[in-house]
Amino acid sequence: MNNLESWEAVIGLETHVQLNTKSKIFTSASTAFGDAPNTHIDPVVCGLPGTLPVLNETVLEYAVKTSLALNLNVAEHCKFDRKQYFYPDLPKNYQISQFDEPLAENGWLEVEIIEKDKEPYIKKIGIERLHMEEDAGKLVHSGSDRLAGSKYSLVDYNRAGIALCEIVSKPDIRSGKEASEYASEIRRTVRYLGVSDGNMQEGSLRCDVNISVRKGPDAPFGTKVEIKNMNSFSAIQKACDYEIARQIEVYENGGKIVQETRLWDEAKQLTKSMRLKEGSSDYRYFPDPDLGPIEITKAQQEIWFKELPELPSMKRNKYVLQFGLSAYDARVISDEISMANFFEETVANGAEAKLASNWVTSDIVGYLKSNKLSFRELKLTPENLAEMISMISKNIISGKIAKEILPELIQKNISPKKLVEEKGLAMISDSSSILPIIDELINEYPNEVQAFKNGKSKLLGFFVGQLMKRTKGKADPKLANKLLMEKLNS
């Protein structure tokens, strides 16, 4: 059994974020996803002789805004470099990236770590750099998901040349959970900015993990291993946890860790060796002669900084301190910007924050998930949700009726008040309408009445249920309970 407590993991993430520009980083070729292979290519993408790349201005804007949101220092001057390597999905045989003069350096990101049976804590994770680069194409292996075992391979260059931001963290992460939360916060941030959709299943956000272990926090770093092929945040956590245990076991058995690239096998829940890890000298970087240096003035940075939205961490703090939500509710409601904005507008229309949070995160999210819809497809307006919550508070409708009409409100842009009036769903709140029904129930169930009087107090729930059935859920529950108690005890 490994003595995990005497070891410390040292983890850093390289996160590749695909920017959602309409055209690629150095050419006007489309970035549309899911189209037929090799339909979004041109001479620049293919690196044909005589072609020259031209930087997409929107890529620079998105990259700078991402840098500012991650508290990075944006360089006033930077450049592009050629990263040399041969692979079939890299048509030029080099990748245009940034090496020694990246766009931005020295930032940080705070993440909240919540684990079962442990005290929650805030972790500040340093960010080494952010640089711009182009993506490679995609290889499709016939008969296998890897090159080994396949009969032949096909290459699709549609992805080649798509703009990426590579975000490199400092080795400040100490567990799989911290790694997963860091990657999740990166995705929330770029989604809030609107610079990327962050869809891991489409490759819009990809994470490589560099991981090593050492004997305690004061020991020198161990030999690091890179892990690839993780397509979910849970996979990042599991891959880190597995690799930490594997490396500790190797060391404690007298072995050595080799600097290599390993793949996460989701089916087998383990990492396996792919190839020895290259160093920067293997790529023979040199400044790209076809692209001049980039200048980003302080004045332009200030303009873009003012355009940044309120970020997820800011919203979480506001929801706890100003709206009185729990840390958990604030975390859930701020996960997606469209959900957070919907919630805030509901509160702005008079709804109590906790009630609005409950309806949004429970009933509305549940309906959207079961019907595979997004918040952007929601036809229910914040004004109408606030109106429905108000109707519950004023005893115009019951919570049960509200849940029944919610699907129709989600599907149609209709006032809850109007819908309740049309269907006659308003709550019965006058004693004169409820008492005759109670009398009927007492006459129909004499045995249950006697049992209640003999001490079986739980039978009150039976009578409430019968009353609700008779009124189709429209009776005021508080009034119904009060009147039933009075009648049954008389």
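This is a predicted model: local features need pLDDT of at least 70, side-chain atom pairs count only at pLDDT 80 or more; totals for chains, interfaces and linings use all residues.

User: How many salt bridges does a search of the whole structure find?

Analyst: The search finds 33 salt bridges in the whole structure.

User: Why can such side chains pair at all?

Analyst: Side chains of opposite charge can pair when their charged atoms come close.

User: Let us begin with Glu243. With which residue does Glu243 form a salt bridge?

Analyst: Glu243 pairs with Arg246, and their closest N and O atoms are 2.6 Å apart. The two residues are three apart in helix 4 (residues 233-252), which means that about one helical turn separates them.

User: Is Glu243 buried or exposed? And what about Arg246, buried or exposed?

Analyst: Glu243 counts as buried because its relative accessibility is 0%, under the 20% limit. Arg246 also counts as buried, at 17% relative accessibility.

User: Which residue forms a salt bridge with Glu404?

Analyst: The partner of Glu404 is Lys400, with the closest N and O atoms 2.8 Å apart. Both residues lie in helix 11 (residues 399-411), four residues apart, or about one turn of the helix.

User: What is the relative accessible area of Glu404, and what is that of Lys400?

Analyst: Glu404 is partly exposed at 44%, and Lys400 is partly exposed at 47%.

User: What about Glu115 and Lys118: what is the N to O distance there?

Analyst: The side chains of Glu115 and Lys118 meet in a salt bridge at 3.9 Å, N to O. Glu115 is partly exposed, with a relative accessible area of 27%, whereas Lys118 is exposed at 54%.

User: Which residues are linked in a network of salt bridges?

Analyst: One such network links Glu112, Lys177, Glu181 and Arg331.

User: Changing topic to helix 6 and helix 8: at what angle do their axes cross?

Analyst: The axes of helix 6 (residues 312-321) and helix 8 (residues 337-348) cross at roughly 30 degrees and come within 12 Å. The two helices are therefore roughly parallel to each other, since angles under 35 degrees count as such.

User: Is that crossing left-handed or right-handed?

Analyst: The crossing of helix 6 and helix 8 is left-handed.

User: Which residues meet there?

Analyst: Lys315, Lys318 and Tyr319 from helix 6 meet Ala340, Asn341, Phe343 and Glu344 from helix 8. The residues of this contact divide into three nonpolar, one polar and three charged.

Terms used:
Residues are numbered from 1 along each chain as its sequence is written. Side-chain values use heavy atoms; hydrogens and water are left out. A salt bridge is a side-chain nitrogen of Lys or Arg within 4 Å of a carboxyl oxygen of Asp or Glu. Buried means under 20% relative accessible area, exposed over 50%, partly exposed in between (1.4 Å probe, protein chains only). Axes are lines fitted to C-alpha atoms, for helices over the stretch in contact, and angles run from 0 to 180 degrees between N-to-C directions. Angles under 35 degrees count as roughly parallel, over 145 as roughly antiparallel, 65 to 115 as roughly perpendicular and the rest as oblique. A crossing is left-handed if the near helix is turned anticlockwise from the far one by less than a right angle, and right-handed if clockwise. Contact means heavy atoms within 4.5 Å. Ala, Val, Leu, Ile, Met, Phe, Trp, Tyr, Cys and Pro count as nonpolar, Asp, Glu, Lys and Arg as charged, and the others, Gly among them, as polar.
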